[in-house]
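Trainee: I would like to learn how to read the features of a model like this one, step by step. Could we start from the strands and work towards the side chains?

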Amino acid sequence: MSNEAKWYVAHTYSGYENNVKGTIEKTIENRNMKDQILEVTVPMYEVTEEKNGKKKTTLKKVFPGYVLLKMILNDDTWFVVRNTRGVTSFVGPGSKPVPLSDDEVIKMGIESETIEVDFEIGDYVEITSGLFEGTTSLIKDINIKKRTVVVNITVFGRETPTELDFSQVKKM
């Protein structure tokens with residue numbers, strides 16, 4: 001078992017996600033396990049509904065029936081989570097919990113990594129791979145979340161916006 005904290009997913013009875021989160025947080029406090037189970041979360045998003053001319057904003061669960069936990073997997077943490085009322089199992093084959101990959105964690109928006117790029121809108125970049133390798137182009141847009149840039153590439157005499165991954169361009 002690893003000493004590094006990773007994100008795991010516990011399956012719960014539908015509607016019990018917040019109860020499970022609260023119970024695990026109390027257990028962490030009572031058993032002094034803050035250094036082993038670092039975070040318990042039920043990802044939510046805002047939804048604005050309009051009924052009878054009135055707007056109402058509510059929170060909805062991103063993954064109904066699941067609780068995400070950042071923890072160091074060992075016998076104690078496994079026991080605490082597995083024996084929490086409302087938890088049916090860990091996500092993974094059999095009874096073995098499988099941690100989320102770093103990419104899954106970033107895509108889910110649970111944790112974000114900071115990305116620094118050395119170019120900005122209006123800079124010229126050289127395309128380093130793909131169909132247009134060796135072409136120089138002007139950056140029109142940057143999407144940090146998707147890790148992409150939009151550049152205009154001349155195709156058949158017309159400028160065409162093209163989305164490229166950060167790894168496909170370098171600043172001139």
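This is a predicted model: local features need pLDDT of at least 70, side-chain atom pairs count only at pLDDT 80 or more; totals for chains, interfaces and linings use all residues.

Trainee: How many bridges join β1 to β5, and in which sense do the two strands run?

Mentor: There are 6 bridges between β1 and β5, and these strands are antiparallel too; Ala10, for instance, has Val67 of β5 as its bridge partner.

Trainee: In what order do the strands of this open sheet lie, and which are its edge strands?

Mentor: The order is β2-β5-β1-β6, an open sheet of 4 strands with antiparallel pairing. The edges are formed by β2 and β6, each of which pairs on one side only, and neighbouring strands are turned against each other by 30° on average when direction is ignored.

Trainee: Is β1 largely enclosed or largely open to the outside?

Mentor: Of the 7 residues of β1, 5 are buried, so the strand is largely enclosed by the rest of the structure.

Trainee: Which residues of the largest nonpolar core touch the most other members?

Mentor: That core has 17 residues, and those touching the most other members are Ile24, Ile37, Val40, Leu69, Met71 and Val81. Two or more residues each come from β1 (6–12), α1 (17–30), β2 (37–41), β5 (66–71), α2 (75–82) and β6 (87–90). For Val40, once its neighbours within four places in sequence are left aside, the contacts are Lys21, Ile24, Glu25, Ile28, Val67, Leu68 and Leu69. Apart from this core lies another, of 10 residues, among them Val125, Ile139, Val151 and Phe166.

Trainee: Is Gln36 buried or exposed, and what does it touch?

Mentor: Gln36, which is found in the loop between α1 and β2, has a relative accessible area of 19%, and it counts as buried because the cut-off is under 20%. Not counting residues up to four places away in sequence, Gln36 touches Lys70, Met71, Ile72, Asn74, Asp76 and Thr77.

Trainee: How should I read the aromatic pairs?

Mentor: A pair of aromatic rings is described by the distance of the centres and the angle of the planes. The whole structure holds 3 aromatic pairs. In one of them, Tyr8 and Phe90 lie 6.5 Å centre to centre with 80° between the planes, an edge-to-face arrangement. This pair links distant parts of the chain, since Tyr8 is in strand β1 and Phe90 in strand β6, 82 residues apart, and both residues are buried.

Trainee: What are the distance and angle for Phe119 and Phe166, and where do these residues sit?

Mentor: Their ring centres are 5.7 Å apart and their planes stand at 75°, so this pair is edge-to-face. Phe119 is in the loop between α3 (102–108) and β7 (124–127), whereas Phe166 is in the loop between β10 (158–165) and β11 (169–171), 47 residues apart. Phe119 is buried at a relative accessible area of 8%, and Phe166 counts as buried at 13%.

Trainee: In what order do the strands lie in the open sheet that includes β7?

Mentor: Its 5 strands follow the order β10-β9-β8-β7-β11, with antiparallel pairing. β10 and β11 are the edge strands, each pairing on one side only, and neighbouring strands are turned by 45° against each other on average, direction ignored. Within this sheet, β7 and β8 (residues 136–143) pair over 3 bridges in the antiparallel sense, and Tyr124 stands opposite Leu138 in β8.

Note on methods: Residues are numbered from 1 along each chain as its sequence is written. Side-chain values use heavy atoms; hydrogens and water are left out. A nonpolar core is a set of buried Ala, Val, Leu, Ile, Met, Phe, Trp, Tyr and Cys residues joined through side-chain atoms within 4.5 Å. Buried means under 20% relative accessible area, exposed over 50%, partly exposed in between (1.4 Å probe, protein chains only). Contact means heavy atoms within 4.5 Å. Two strands pair if DSSP finds at least two bridges between them. Rings of Phe, Tyr and Trp (its six-membered ring) pair if their centres lie within 6.5 Å; planes under 30 degrees apart count as stacked, over 60 as edge-to-face and the rest as tilted. Axes are lines fitted to C-alpha atoms, for helices over the stretch in contact, and angles run from 0 to 180 degrees between N-to-C directions.
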